[in-house]
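Subject: Structure handover

Hello,

Here is the structure I promised to pass on. Please open it first, then read my notes below alongside it.

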Amino acid sequence: MKQLTLNGIWKMHSREEEKTYDALIPGSVLSALLDAEAIPDPYDKMNEYATRDLFWKDYIFERTFQVEETILKEEHVDLVCEGLDTLADIFINDKKVFYADNMHRTWRIPVKEYLHSGENNIRIEFLSVLKYIENYQYEENKEVHCVAAGAVKGNHLIRKSHSMFGWDWGPQLPDAGIFRDIYLEYRTGRKIEEIQFHQEHQEHIVNVEVTLHLTEETEIQENQKVKIAVIERETGKTAAQTEKVLGRDSEWKHTFCIENPRLWWPNGYGEQPLYDVVITLADSDEAVVQEEKRTIGLRTLTVSREHDEWGREFAFQVNGVKIFAMGADYIPEDCVYSRITRERQDYLLESSKKAHFNCIRVWGGGYYPSDTFFELCDEKGLIVWQDLMFACNVYDATDAFIESCKQEVEDNIKRIRHHASLGLLCGNNEIESGWVQWAQFQEESMNLRADYIKLFEYVLPKVVKKHASDIFFWPSSPSAGGCFAAPDDENNGDAHYWDVWHGQKPFTDYRKYFFRFCSEFGFQSFPCLKTVETFTEPEDRNIFSRVMESHQKNDAANGKILYYMSENFRYPTKFEDLLYVSQVLQGMAMQYGVEHWRRHRGRCMGTLYWQLNDNWPVASWASMDYFGRWKALQYMACRFYAPETSSMICEETQAQLYVENETASELKWHGEILLKNMDCEVIDSVFADGKTGAFCSEKILEADFGQYQTDPYGTWKETVFVEGKVTFEDGTEAHNVEVILPYKHVSLKKAVITSEVTETEDAFVIRLNSDVFAPFVELDFEDADVIFSDNFFHLTGDSHEVTMLKKDIWKGQFTDAQDVKKRLRIRSLADTYL
């Protein structure tokens with residue numbers, strides 16, 4: 001089986017215009033126009049809206065290609081389109097060969113009869129999705145009225161990434177094009193059409209069953225041979241192999257016994273050894289007809305739903321161990337999907353690993369990520385919670401729509417099911433919950449409500465069971481198991497919690513809830529000034545300017561940020577300081593939630609905050625902005641998601657210190673709670689030594705500083721802070737700092753922070769000192785972007801060391817340690833108003 005790629009330079013133009021543009025495929029209308037500098041950057045200022053209106057037009061992509069006579073002698077020649085976005089008429093040599101209408105599918109189209117020897121032409125005409133929506137005709141009692149937040153009405157009508165029509169964090173840019181590989185595939189005789197794996201684990205042994213499904217041909221070479229080798233990727237050692245003459249079989253199974261297997265574990269629980277399974281189909285002369293490779297990890301992975309004293313748990317269970325899932329929700333990295341490269345995904349997922357994530361949730365309003373995404377998650381130990389691509393919408397489940405969805409899910413399940421990282425398949429995002437409690441949904445017809453049950457609790461679960469029976473399936477998120485049975489039940493299943501943020505409840509409200517698994521909760525912030533400067537002019541740099549509000553897709557959200565700021569901090573004097581304080585707020589909010597739920601490990605078994613990343617420069621819930629710059633939340637996640645860490649609660653004059661141990665070993669520690677003044681002098685302290693068992697959290701120390709109440713107004717609280725310090729047996733430390741009053745009422749002093757920088761072979765080491773208490777210290781460079789080992793930390797009287805690995809300098813460069821010191825910018829909270 002061979003391929004002739006059709007990637008490369010195509011010609012693109014709109015149906016209404018003759019002017020053509022070179023389009024590098026994989027690519028799209030937007031990538032072609034931007035490469036040609038034919039349109040301004042849609043992310044700049046308010047260019048989004050004029051760019052959106054380009055998609056009222058149809059667009060044509062065209063190229064020629066050479067076909068050798070030998071190709072035409074093959075029995076089968078298929079056109080394979082791995083990603084067409086979305087409504088596409090396909091012509092070869094001016095003859096229509098197919099109509100594609102689902103962005104999420106892989107299209108395989110027999111085209112031999114349309115080809116000839118020599119030069120051929122392929123033309124793909126992408127029809128306007130906006131026109132399609134405008135002209136859509138509903139069946140009686142099936143018209144949908146509700147609209148997902150920030151989206152174009154009718155986005156649910158097309159099997160296209162919903163967020164391309166806008167969301168409450170993204171622009172309305174419904175691009176079109178060939179966003180993944182396109183090629184001719186040709187062969188004679190049968191081929192391996194499908195490969196399935198099933199694992200059975202015993203002590204010191206894993207039995208791996210491999211099932212091959214082959215095409216059924218009228219003429220079959222009965223002496224074709226298949227060979228399978230299982231190879232340890234790290235060592236190159238062959239762990240098992242076999243071969244067989246196939247005869248006329250269209251299906252063949254073989255079970256390998258892998259002795260002393262190296263098990264795959266999520267990040268933080270062990271290593272991620274992988275095995276390459278190489279499958280070769282050869283003809284009678286030993287010539288290779290087809291070679292396939294799949295990479296697997298040896299592990300058991302499911303979700304435990306055991307009943308317990310609180311209700312029914314929801315916990316990832318890996319190799320028999322129930323883990324506390326820690327991570328975030330992922331959206332597409334860009335509005336132009338061909339710009340989502342391996343390098344960008346590797347950076348994003350490596351940043352997740354650095355922040356101690358062990359799980360990523362692929363949200364259902366985007367797209368099914370590429371094979372590369374799953375390969376990287378395999379390598380980095382990130383469990384993938386994979387939503388099917390349905391979110392926050394009501395669907396008119398016509399027969400054609402259902403059939404398209406079935407094929408879409410089958411295509412993608414077959415593509416991704418072998419990955420070690422794939423831990424869960426979920427039917428949709430928030431639709432079951434919407435039918436139970438969203439006002440807009442209650443206005444829709446009962447016919448559409450019935451369509452929900454038909455599609456998500458009958459049709460799609462059957463597809464998943466048939467093609468991925470080993471993967472845990474969950475009907476919706478949030479859910480208690482389906483059928484509209486209390487999907488937001490605190491004690492059963494997973495939960496989404498938004499009263500902090502949308503409900504404007506204080507951060508402490510998190511502590512009222514003990515969800516079994518919180519798969520979505522979030523808080524917004526602005527990106528840093530360097531990012532804001534990419535889409536504004538100086539006159540736009542006010543959060544209520546038209547441009548800034550256009551780069552804020554959640555209604556009234558800038559006002560919400562200011563509301564929460566008013567509850568916690570003094571108003572910053574400069575625009576760039578306001579951006580910084582918004583990020584501190586965001587990190588604090590997520591820290592409150594995560595630390596609370598980790599303190600109740602066993603009852604709660606996972607937190608995935610909304611969201612990891614952005615698809616354009618915007619104010620949003622992301623912890624990393626569009627350009628990959630880490631916000632305060634990403635740095636704070638490194639601390640609150642650490643496998644061995646601590647947390648602290650301060651209420652009035654009482655403080656409680658906790659240890660969280662998400663490891664398989666007992667953890668010895670020395671703990672301290674210190675009351676300090678603004679000069680970092682210790683007023684009082686308590687300490688203890690002890691140990692915490694594996695996979696648990698416990699309170700280790702408490703203190704009461706009520707004796708320092710010298711007046712009925714509590715003015716002493718303005719001049720103190722509480723520090724929790726835990727030193728573990730290996731010498732690492734975890735620090736927590738709380739103030740008794742909100743920071744806006746604390747008498748901070750303006751800090752003088754000094755730095756010393758030394759250089760090693762692979763890093764710059766920055767040592768910082770402050771003459772007074774300096775909360776939320778931020779390090780940055782105006783003309784460079786780096787990832788620090790720590791940032792947005794507190795200086796409490798001791799020196800603090802931060803490492804800047806040279807490999808983590810991803811924009812700009814430094815000549816030496818003095819250059820780093822000269823260009824380093826240091827800011828703490830008091831600098832924003834004093």
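Strand E45 (774–781) gives the largest share of the lining of the largest cavity, three residues. Strands here are DSSP runs (E) of at least two residues, helices are runs (H or I) of at least four, and both are numbered from the N terminus. Strand E46 (785–786) also supplies at least two lining residues. The lining has 17 residues in total. Arg629, Trp630, Tyr635, Asp780 and Val786 lie nearest the centre of the cavity. The space inside is about 200 Å³. The count comes to seven cavities of 30 Å³ or more.

The cavity rule is as follows. On a 1 Å grid over the protein atoms alone, a cavity is a set of points where a 1.4 Å probe fits but cannot get out, and lining residues have an atom within 4 Å of a point. Points are joined across faces, edges and corners, and the volume is the space filled by probe spheres set on them.

Before the rest, the ground rules. This is a predicted model, in which local features need pLDDT of at least 70 and side-chain atom pairs count only at pLDDT 80 or more, while totals for chains, interfaces and linings use all residues. Residues are numbered from 1 along each chain as its sequence is written, and side-chain values use heavy atoms, with hydrogens and water left out.

**Cores**

The largest nonpolar core has 152 residues. Such a core is a set of buried Ala, Val, Leu, Ile, Met, Phe, Trp, Tyr and Cys residues joined through side-chain atoms within 4.5 Å. Buried means under 20% relative accessible area, exposed means over 50%, and partly exposed lies in between (1.4 Å probe, protein chains only). Phe357, Phe390, Phe569 and Phe788 touch the most other members of this core. Helix H14 (residues 575–599) gives the most to it, with 13 residues.

Phe788 deserves a look. Leaving aside neighbours within four places in sequence, Phe788 is in contact (heavy atoms within 4.5 Å) with Tyr635, Ile766, Leu779, Asp780, Phe781, Val802, Thr803, Met804 and Leu824.

**Aromatic rings**

The structure holds 64 aromatic pairs. Rings of Phe, Tyr and Trp (its six-membered ring) pair if their centres lie within 6.5 Å; planes under 30 degrees apart count as stacked, over 60 as edge-to-face and the rest as tilted.

Tyr43 and Trp616 make an edge-to-face pair, 6.1 Å centre to centre with 65 degrees between the planes. The two are 573 residues apart and link distant parts of the chain. Tyr43 is in the loop between helix H1 (29–35) and helix H2 (48–53). Trp616 is in the loop between strand E35 (606–609) and helix H15 (632–640). Tyr43 is buried at 4% relative accessible area, and Trp616 is buried at 0%.

Trp501 and Trp621 have ring centres 6.2 Å apart and planes at 80 degrees, so this pair is edge-to-face. It also links distant parts of the chain, 120 residues apart. Trp501 lies in the loop between strand E33 (495–496) and strand E34 (518–520), and Trp621 in the loop between E35 and H15. Trp501 is buried at 0%, and Trp621 is buried at 1%.

Two charges sit over rings (NZ of Lys or CZ of Arg within 6 Å of the ring centre and within 35 degrees of the ring normal). The charged end of Arg105 is 4.3 Å from the ring centre of Trp107. The charged end of Lys806 is 5.3 Å from that of Phe764.

**Backbone**

Asp85 and Thr86 are joined by a cis peptide bond, with omega about -5 degrees. Thr86 is in the loop between strand E7 (84–85) and strand E8 (88–92). The bond from Ser477 to Pro478 is also cis, with omega near 5 degrees.

Asn260 is not a glycine, yet its phi is positive, about 45 degrees. It sits in the loop between strand E20 (251–259) and strand E21 (275–282), and is exposed at 59% relative accessible area.

Best wishes

Note on methods. On a 1 Å grid over the protein atoms alone, a cavity is a set of points where a 1.4 Å probe fits but cannot get out, and a pocket is an open set with protein on both sides within 12 Å along at least five of seven lines; lining residues have an atom within 4 Å of a point.
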